[in-house]
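Please look over the sequence and the model below before reading on.

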Amino acid sequence: MSVISKIEQENMKKKVPEFNVGDTVKVYTKIVEGERERIQVFTGTVIARKGKDANEMFTVRRVVYGEGVERVFYVHSPRVENVEVTRRGKVRRAKLYYLKNKVGKSARVKEKKR
Amino acid sequence: MSVVLLGKKIGMTKVFDDKGEMIPVSVIEINTGTVLAKKTKKTDGYEALQIGFGKIKVNKVNKPMSGYFAKIGLEPKRYIKESRTDAKTLEQYNVGDQLNASFFTKGEYVDVSAKSKGKGFAGVIKRWNFHGGRKTHGSMFHRSPGAIGAAADPARVFKGTKLPGRMGGIRSTVQNIIVVDVREQENVILVRGSIPGFNSAVVQVRKAIKKQ
(Lines give C-alpha, C1' and ligand atoms only; values in the text may rest on other atoms or scores of the structure.)
Protein backbone atom coordinates (compact mmCIF):
# COMPACT_ATOMS: atom_id res chain seq x y z
CA MET A 1 0.00 0.00 0.00
CA SER A 2 1.32 3.42 -0.86
CA VAL A 3 2.24 5.83 1.89
CA ILE A 4 -0.46 8.30 0.88
CA SER A 5 -3.31 5.83 1.06
CA LYS A 6 -1.93 4.65 4.39
CA ILE A 7 -1.94 8.20 5.76
CA GLU A 8 -5.45 8.76 4.43
CA GLN A 9 -6.64 5.53 5.96
CA GLU A 10 -5.36 6.61 9.35
CA ASN A 11 -7.23 9.89 9.07
CA MET A 12 -10.50 8.20 8.24
CA LYS A 13 -13.09 7.25 10.80
CA LYS A 14 -13.48 3.57 11.46
CA LYS A 15 -17.23 3.79 11.50
CA VAL A 16 -19.12 6.28 9.43
CA PRO A 17 -22.79 6.98 10.22
CA GLU A 18 -25.04 5.73 7.48
CA PHE A 19 -27.10 8.30 5.62
CA ASN A 20 -28.08 9.03 2.07
CA VAL A 21 -28.96 11.96 -0.13
CA GLY A 22 -32.48 13.14 0.66
CA ASP A 23 -32.36 12.20 4.32
CA THR A 24 -33.16 14.73 6.98
CA VAL A 25 -30.28 14.67 9.40
CA LYS A 26 -29.00 16.22 12.57
CA VAL A 27 -25.28 16.92 12.33
CA TYR A 28 -23.53 17.17 15.69
CA THR A 29 -20.46 19.33 15.27
CA LYS A 30 -17.85 20.16 17.85
CA ILE A 31 -17.21 23.85 18.24
CA VAL A 32 -14.25 25.23 20.15
CA GLU A 33 -14.86 28.59 21.82
CA GLY A 34 -11.60 29.63 23.39
CA GLU A 35 -11.13 26.99 26.04
CA ARG A 36 -14.60 25.55 26.04
CA GLU A 37 -15.80 22.92 23.66
CA ARG A 38 -19.45 22.43 22.89
CA ILE A 39 -21.61 20.60 20.46
CA GLN A 40 -23.76 22.38 17.92
CA VAL A 41 -26.51 20.70 15.99
CA PHE A 42 -27.27 21.57 12.40
CA THR A 43 -30.49 20.11 11.05
CA GLY A 44 -31.41 19.89 7.39
CA THR A 45 -31.68 17.82 4.25
CA VAL A 46 -28.65 16.14 2.72
CA ILE A 47 -28.58 17.45 -0.83
CA ALA A 48 -25.22 16.07 -1.99
CA ARG A 49 -22.51 13.61 -1.15
CA LYS A 50 -19.32 13.91 -3.12
CA GLY A 51 -15.75 12.73 -3.11
CA LYS A 52 -14.58 9.37 -1.93
CA ASP A 53 -12.57 7.82 0.87
CA ALA A 54 -10.88 10.47 2.99
CA ASN A 55 -12.14 13.24 0.71
CA GLU A 56 -15.82 12.53 1.09
CA MET A 57 -18.01 15.55 1.84
CA PHE A 58 -21.72 16.10 2.22
CA THR A 59 -23.88 19.19 1.95
CA VAL A 60 -26.79 19.86 4.28
CA ARG A 61 -29.42 22.43 3.39
CA ARG A 62 -32.07 24.00 5.53
CA VAL A 63 -34.24 27.08 5.25
CA VAL A 64 -33.96 29.49 8.18
CA TYR A 65 -36.43 32.39 8.30
CA GLY A 66 -36.94 32.14 4.56
CA GLU A 67 -33.23 32.13 3.84
CA GLY A 68 -31.54 29.01 2.52
CA VAL A 69 -28.48 27.91 4.50
CA GLU A 70 -26.09 25.25 3.27
CA ARG A 71 -23.18 23.75 5.15
CA VAL A 72 -20.58 21.38 3.81
CA PHE A 73 -19.01 18.83 6.15
CA TYR A 74 -16.24 16.33 5.76
CA VAL A 75 -17.56 12.87 6.49
CA HIS A 76 -14.30 11.97 8.19
CA SER A 77 -13.70 15.23 10.02
CA PRO A 78 -13.20 14.69 13.76
CA ARG A 79 -15.33 17.79 14.28
CA VAL A 80 -18.37 15.97 12.96
CA GLU A 81 -19.29 14.02 16.04
CA ASN A 82 -22.34 12.22 14.76
CA VAL A 83 -24.89 12.31 11.99
CA GLU A 84 -28.35 11.29 13.13
CA VAL A 85 -30.99 10.47 10.55
CA THR A 86 -34.42 11.67 11.57
CA ARG A 87 -36.24 10.92 8.32
CA ARG A 88 -35.35 8.82 5.30
CA GLY A 89 -36.05 10.58 2.02
CA LYS A 90 -37.17 9.08 -1.26
CA VAL A 91 -35.19 10.64 -4.09
CA ARG A 92 -34.39 9.82 -7.69
CA ARG A 93 -31.25 11.95 -8.01
CA ALA A 94 -27.78 11.89 -6.51
CA LYS A 95 -27.67 15.66 -6.16
CA LEU A 96 -30.71 17.61 -5.02
CA TYR A 97 -29.53 20.98 -6.26
CA TYR A 98 -33.01 21.62 -7.67
CA LEU A 99 -34.17 22.27 -4.11
CA LYS A 100 -32.29 25.55 -4.21
CA ASN A 101 -34.80 26.94 -6.69
CA LYS A 102 -37.85 25.71 -4.81
CA VAL A 103 -39.69 27.44 -2.03
CA GLY A 104 -42.30 26.20 0.43
CA LYS A 105 -44.26 23.05 -0.25
CA SER A 106 -42.41 22.06 -3.41
CA ALA A 107 -39.07 22.19 -1.61
CA ARG A 108 -39.82 18.99 0.29
CA VAL A 109 -38.51 15.48 -0.12
CA LYS A 110 -40.92 12.57 0.06
CA GLU A 111 -40.45 10.14 2.88
CA LYS A 112 -39.27 6.67 2.07
CA LYS A 113 -41.77 4.01 2.98
CA ARG A 114 -40.44 0.68 4.02
CA MET B 1 24.21 26.60 6.98
CA SER B 2 22.62 23.35 7.72
CA VAL B 3 22.58 19.76 6.67
CA VAL B 4 20.70 19.13 3.46
CA LEU B 5 18.96 15.81 2.95
CA LEU B 6 17.56 14.48 -0.29
CA GLY B 7 14.09 13.05 -0.57
CA LYS B 8 11.42 12.05 -3.01
CA LYS B 9 8.17 13.96 -3.41
CA ILE B 10 5.43 11.37 -3.07
CA GLY B 11 2.44 13.65 -3.50
CA MET B 12 -0.14 15.56 -1.54
CA THR B 13 -2.96 14.64 0.78
CA LYS B 14 -4.55 16.06 3.89
CA VAL B 15 -4.62 15.24 7.56
CA PHE B 16 -6.66 16.40 10.53
CA ASP B 17 -4.77 17.86 13.48
CA ASP B 18 -5.71 17.35 17.12
CA LYS B 19 -8.09 20.33 16.96
CA GLY B 20 -9.92 18.74 14.06
CA GLU B 21 -8.59 21.31 11.62
CA MET B 22 -7.81 20.06 8.13
CA ILE B 23 -4.22 20.58 6.99
CA PRO B 24 -3.04 20.11 3.41
CA VAL B 25 0.28 18.27 3.42
CA SER B 26 3.00 17.24 1.01
CA VAL B 27 4.52 13.85 1.62
CA ILE B 28 8.30 13.59 1.27
CA GLU B 29 10.08 10.28 1.50
CA ILE B 30 13.52 10.94 2.91
CA ASN B 31 16.30 9.19 1.07
CA THR B 32 18.37 7.74 3.90
CA GLY B 33 21.74 9.44 3.76
CA THR B 34 25.09 8.07 4.81
CA VAL B 35 27.91 10.33 5.93
CA LEU B 36 30.74 9.61 3.50
CA ALA B 37 33.33 12.11 4.61
CA LYS B 38 33.96 15.03 6.88
CA LYS B 39 35.75 17.92 5.28
CA THR B 40 37.67 20.06 7.70
CA LYS B 41 39.35 23.40 7.46
CA LYS B 42 42.70 21.78 8.06
CA THR B 43 42.60 19.28 5.24
CA ASP B 44 40.19 20.82 2.74
CA GLY B 45 40.07 24.51 3.56
CA TYR B 46 36.40 24.44 4.49
CA GLU B 47 34.06 22.54 6.74
CA ALA B 48 31.42 20.34 5.22
CA LEU B 49 29.62 17.08 5.59
CA GLN B 50 29.65 14.84 2.54
CA ILE B 51 26.53 12.69 2.41
CA GLY B 52 25.59 9.99 -0.08
CA PHE B 53 22.02 9.08 -0.95
CA GLY B 54 20.22 6.36 -2.84
CA LYS B 55 21.12 2.99 -4.19
CA ILE B 56 23.01 2.44 -7.39
CA LYS B 57 23.90 -0.74 -9.26
CA VAL B 58 27.56 -1.61 -8.94
CA ASN B 59 28.05 -1.75 -12.70
CA LYS B 60 26.67 1.79 -13.06
CA VAL B 61 29.38 3.31 -10.87
CA ASN B 62 32.30 4.65 -12.85
CA LYS B 63 35.87 3.73 -12.03
CA PRO B 64 36.94 6.87 -10.17
CA MET B 65 33.82 6.80 -7.99
CA SER B 66 34.04 3.09 -7.23
CA GLY B 67 37.64 3.68 -6.23
CA TYR B 68 36.50 6.44 -3.93
CA PHE B 69 33.84 4.28 -2.28
CA ALA B 70 36.29 1.40 -1.91
CA LYS B 71 38.69 3.72 -0.15
CA ILE B 72 36.16 4.80 2.47
CA GLY B 73 34.78 1.28 2.63
CA LEU B 74 31.12 2.09 2.04
CA GLU B 75 28.52 1.02 -0.51
CA PRO B 76 28.34 3.22 -3.62
CA LYS B 77 25.66 5.88 -3.55
CA ARG B 78 23.70 7.44 -6.38
CA TYR B 79 23.82 11.04 -5.23
CA ILE B 80 26.58 12.75 -3.30
CA LYS B 81 25.82 16.02 -1.63
CA GLU B 82 28.00 18.27 0.45
CA SER B 83 26.50 20.44 3.17
CA ARG B 84 28.56 23.31 4.52
CA THR B 85 28.52 23.22 8.29
CA ASP B 86 30.51 24.58 11.18
CA ALA B 87 33.04 22.62 13.20
CA LYS B 88 30.56 22.09 16.01
CA THR B 89 27.99 20.18 13.97
CA LEU B 90 30.77 18.34 12.24
CA GLU B 91 31.77 16.80 15.53
CA GLN B 92 28.32 15.27 16.02
CA TYR B 93 28.66 12.98 13.03
CA ASN B 94 30.95 10.14 12.13
CA VAL B 95 31.65 8.61 8.77
CA GLY B 96 29.06 5.90 8.14
CA ASP B 97 26.30 7.56 10.19
CA GLN B 98 22.79 7.24 8.79
CA LEU B 99 20.49 10.23 8.42
CA ASN B 100 16.81 9.59 7.89
CA ALA B 101 13.39 11.10 8.59
CA SER B 102 14.09 11.22 12.33
CA PHE B 103 16.58 14.00 11.56
CA PHE B 104 13.51 16.26 11.50
CA THR B 105 11.14 16.78 14.38
CA LYS B 106 7.45 17.50 14.39
CA GLY B 107 6.67 21.22 14.56
CA GLU B 108 9.96 22.50 13.21
CA TYR B 109 10.36 24.58 10.06
CA VAL B 110 12.09 23.39 6.92
CA ASP B 111 13.03 24.69 3.50
CA VAL B 112 12.32 22.50 0.50
CA SER B 113 14.04 22.98 -2.87
CA ALA B 114 13.46 21.18 -6.11
CA LYS B 115 13.27 21.65 -9.83
CA SER B 116 9.85 23.11 -10.55
CA LYS B 117 7.48 21.65 -13.11
CA GLY B 118 8.34 22.84 -16.62
CA LYS B 119 5.59 24.93 -18.21
CA GLY B 120 7.16 25.24 -21.65
CA PHE B 121 7.08 28.49 -23.63
CA ALA B 122 4.60 30.59 -21.70
CA GLY B 123 3.02 33.95 -22.47
CA VAL B 124 3.11 36.99 -20.22
CA ILE B 125 -0.21 36.28 -18.52
CA LYS B 126 0.87 32.91 -17.22
CA ARG B 127 4.52 33.80 -16.74
CA TRP B 128 4.35 37.30 -15.25
CA ASN B 129 0.70 37.59 -14.19
CA PHE B 130 -0.11 40.36 -16.68
CA HIS B 131 -3.80 41.15 -16.83
CA GLY B 132 -4.31 41.10 -20.60
CA GLY B 133 -7.06 42.88 -22.43
CA ARG B 134 -10.74 42.19 -22.93
CA LYS B 135 -11.86 39.49 -25.29
CA THR B 136 -14.76 41.25 -26.97
CA HIS B 137 -16.18 44.70 -27.81
CA GLY B 138 -13.69 45.30 -30.60
CA SER B 139 -10.70 44.82 -28.38
CA MET B 140 -7.66 43.91 -30.39
CA PHE B 141 -5.51 43.44 -27.31
CA HIS B 142 -6.05 40.00 -25.81
CA ARG B 143 -3.06 38.23 -24.29
CA SER B 144 -0.12 40.03 -25.87
CA PRO B 145 2.48 41.82 -23.74
CA GLY B 146 1.70 45.33 -25.08
CA ALA B 147 4.30 48.05 -25.05
CA ILE B 148 7.79 46.99 -24.04
CA GLY B 149 9.51 50.35 -23.91
CA ALA B 150 10.04 53.75 -25.48
CA ALA B 151 11.04 54.29 -29.12
CA ALA B 152 13.98 56.29 -30.36
CA ASP B 153 15.58 57.25 -27.09
CA PRO B 154 16.79 54.02 -25.67
CA ALA B 155 16.38 52.47 -29.13
CA ARG B 156 16.49 49.06 -27.47
CA VAL B 157 14.56 46.91 -25.06
CA PHE B 158 15.89 46.99 -21.53
CA LYS B 159 17.30 43.82 -20.09
CA GLY B 160 15.01 42.04 -17.70
CA THR B 161 11.83 43.21 -19.44
CA LYS B 162 9.02 40.78 -18.73
CA LEU B 163 8.35 38.97 -21.98
CA PRO B 164 7.15 35.50 -23.04
CA GLY B 165 9.60 32.65 -22.72
CA ARG B 166 10.45 29.39 -21.05
CA MET B 167 8.77 29.02 -17.68
CA GLY B 168 9.40 26.56 -14.88
CA GLY B 169 11.89 23.74 -14.89
CA ILE B 170 14.27 25.72 -12.70
CA ARG B 171 15.34 25.23 -9.13
CA SER B 172 12.89 26.78 -6.75
CA THR B 173 12.62 26.84 -2.97
CA VAL B 174 9.77 27.09 -0.49
CA GLN B 175 10.94 28.48 2.81
CA ASN B 176 9.66 28.08 6.32
CA ILE B 177 7.11 25.34 5.94
CA ILE B 178 6.18 23.47 9.06
CA VAL B 179 6.74 19.76 9.56
CA VAL B 180 3.31 18.40 10.41
CA ASP B 181 4.39 14.85 11.11
CA VAL B 182 7.42 12.58 11.03
CA ARG B 183 6.77 8.92 10.28
CA GLU B 184 9.92 7.06 11.03
CA GLN B 185 8.50 3.70 10.01
CA GLU B 186 8.08 4.72 6.40
CA ASN B 187 10.96 7.22 6.54
CA VAL B 188 8.55 9.93 5.54
CA ILE B 189 7.89 13.51 6.62
CA LEU B 190 4.72 15.51 6.10
CA VAL B 191 5.08 19.23 5.47
CA ARG B 192 2.31 21.78 5.33
CA GLY B 193 1.29 23.04 1.90
CA SER B 194 2.77 22.54 -1.52
CA ILE B 195 6.36 22.01 -2.57
CA PRO B 196 7.99 22.45 -6.00
CA GLY B 197 8.46 19.61 -8.45
CA PHE B 198 6.44 16.75 -9.82
CA ASN B 199 5.57 13.60 -7.91
CA SER B 200 8.63 11.36 -7.56
CA ALA B 201 10.93 14.37 -8.07
CA VAL B 202 14.12 14.58 -6.05
CA VAL B 203 13.78 17.32 -3.45
CA GLN B 204 16.24 18.84 -1.02
CA VAL B 205 15.08 19.31 2.55
CA ARG B 206 16.91 21.31 5.19
CA LYS B 207 16.08 22.96 8.46
CA ALA B 208 14.80 26.46 7.74
CA ILE B 209 17.72 28.86 7.53
CA LYS B 210 15.58 31.82 8.59
CA LYS B 211 14.24 30.14 11.71
CA GLN B 212 17.52 29.26 13.41
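What follows describes selected local features of this structure, which is a predicted model.

## The loop serine

Ser77(A) belongs to the loop that runs between β4 (67–74) and β5 (80–87) of chain A. With a relative accessible area of 7%, Ser77(A) counts as buried, because that value falls under the 20% cut-off.

A polar atom of the Ser77(A) side chain lies 3.1 Å from the backbone nitrogen of Arg79(A). Leaving aside residues up to four places away in sequence, Ser77(A) touches Lys13(A) and also Phe16(B) and Gly20(B).

## Aromatic pairs

Over all chains, a search of the whole structure finds six aromatic pairs. One of them joins Tyr74(A) and Phe16(B), whose ring centres are 6.2 Å apart and whose planes stand at 75°, so this pair is edge-to-face. The pair crosses between chains, with Tyr74(A) in strand β4 of chain A and Phe16(B) in strand β1 (residues 4–16) of chain B.

Tyr74(A) is partly exposed, with a relative accessible area of 23%, whereas Phe16(B) is buried at 15%. Phe16(B) is also one of the residues that Ser77(A) touches.

## An aromatic cluster and charges over rings

In chain A, one aromatic cluster is formed by Phe19(A), Phe42(A), Phe58(A) and Phe73(A). The ring of Phe19(A) has the charged end of Arg49(A) sitting over it, 4.4 Å from the ring centre.

In chain B, Lys211(B) lies over the face of Tyr109(B), at 4.4 Å from the centre of that ring.

Terms used
Residues numbered from 1 in each chain as written. Chains lettered and ligands numbered in written order. Predicted model: local features only at pLDDT ≥ 70, side-chain atom pairs only at ≥ 80, totals over all residues. Heavy atoms only, no water. Helix = DSSP H or I, 4+ residues; strand = E, 2+ residues; numbered from the N terminus. Buried < 20%, exposed > 50% of the residue type's maximum accessible area, 1.4 Å probe, protein only. Polar contact = N/O pair within 3.5 Å; in protein donor to acceptor, adjacent residues only side chain to side chain. Contact = heavy atoms within 4.5 Å. Phe/Tyr/Trp six-rings, centres within 6.5 Å; stacked < 30°, edge-to-face > 60°. Lys NZ or Arg CZ within 6 Å of the ring centre and 35° of its normal.
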